[in-house]
Amino acid sequence: MTMSHRRRRLYFILPDVQITREVVNELLLARVEERHLHCLAREDLDLGDLPQADVFQRSDIIHGAGLGLALGGATGAIAGVATIFIQPSGWAQSGGLVLAIALVGALVGMWASGMIGTSVPNSRLKAFQKDLDAGRVLLMVDIPEDRVEEIRERVKKHHPEASDRGTDPHIPAFP
């Protein structure tokens, strides 16, 4: 089997923590690394030793940081161009100033928006909120593209109570 470098995220809703533990164990035996498994449930449910979703899966930090990078960079570039037109005499007349201000703007925008994004729930998870509120567990599995059908079939075969909730077309390069 050729291993693909591109990954897809599969979503499964499981009825409870015990069944989630069974599915996770089977996926581990199928050589899905624990770092590619992410469980999410209501705060009052104890997931125990299950691999829990971290800030990257629970929040919009990646989307926020990307948006801040673009907006901060554009704002910095505009400020850099404006600075060249209103500069006091003696400042450098090169694009280096514009580039430096754009870079600072991009970094500040990325940092600020990323921080805000940590407090905003992941917009992709809104579709699962009713299930989470009802006490079910969301399992996210990040796997190579060439294993999507294999993993989906494995879960369906051994756990018909698991609800397959689709696949993201792509997942972020990190985490």
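Which residue's side chain meets that of Glu149 in a salt bridge? Arg152 does, with N and O 3.0 Å apart. A salt bridge here is a side-chain nitrogen of Lys or Arg within 4 Å of a carboxyl oxygen of Asp or Glu.

## Basis of the model

This is a predicted model: local features need pLDDT of at least 70, side-chain atom pairs count only at pLDDT 80 or more, and totals for chains, interfaces and linings use all residues. Residues are numbered from 1 along each chain as its sequence is written, and side-chain values use heavy atoms, leaving out hydrogens and water.

## Salt bridges

Side chains of opposite charge can pair when their charged atoms come close. The count in this model is 10 salt bridges. Arg152 and Glu149 both sit in helix 6 (residues 148-158). They are three residues apart, about one turn of the helix. Helices (H or I, at least four residues) and strands (E, at least two) are DSSP runs, numbered from the N terminus. Arg152 is buried at 13% relative accessibility, while Glu149 is partly exposed at 47%. Buried means under 20% relative accessible area, exposed over 50%, and partly exposed in between (1.4 Å probe, protein chains only).

Arg9 pairs with Asp142, with the closest N and O atoms 2.6 Å apart. Arg9 lies in strand 1 (residues 7-14) and Asp142 in strand 3 (residues 137-144), so this bridge ties together parts that are 133 residues apart in sequence. Both Arg9 and Asp142 are buried. Another bridge joins Arg136 to Asp131, at 3.2 Å between the closest N and O atoms. Arg136 is partly exposed, at 33% relative accessible area; Asp131 is buried, at 11%. These two residues and Arg165 are linked in a network of salt bridges.

## Nonpolar cores

The largest nonpolar core holds 22 residues. A core is a set of buried Ala, Val, Leu, Ile, Met, Phe, Trp, Tyr and Cys residues joined through side-chain atoms within 4.5 Å. Leu27, Leu139 and Val141 touch the most other members. Two or more residues come from each of strand 1, helix 1 (17-29), strand 2 (37-40), strand 3 and helix 6. Helix 1 gives the most, with five residues.

Leu139 has contacts (heavy atoms within 4.5 Å) with residues including Leu10, Phe12, Val23, Leu27 and Cys39, not counting residues up to four places away in sequence. A second, separate core has nine residues, among them Ile13, Leu40, Phe128 and Leu138.

## Strand 2 and its partner

Strand 2 and strand 3 run antiparallel and are joined by four bridges. Strands pair if DSSP finds at least two bridges between them. Cys39 stands opposite Leu139 of strand 3. Leu37 and Cys39 point one way from strand 2; His38 and Leu40 point the other way. All four are buried.

## Nonpolar surface patch

Leu69, Leu103, Leu107 and Met110 make a nonpolar surface patch of about 350 Å². Patches are made of residues with over 30% relative accessible area and no salt bridge; like charges are joined within 9 Å, and nonpolar side chains (Val, Leu, Ile, Met, Phe, Trp, Tyr) within 5 Å. Accessible areas come from the Shrake-Rupley method with a 1.4 Å probe; for residues, only the protein chains shown count as cover.

Helix 4 (residues 95-117) gives the most to the patch, with three residues. Leu69 is found in helix 3 (residues 61-86). Leu69 is partly exposed, with a relative accessible area of 39%.
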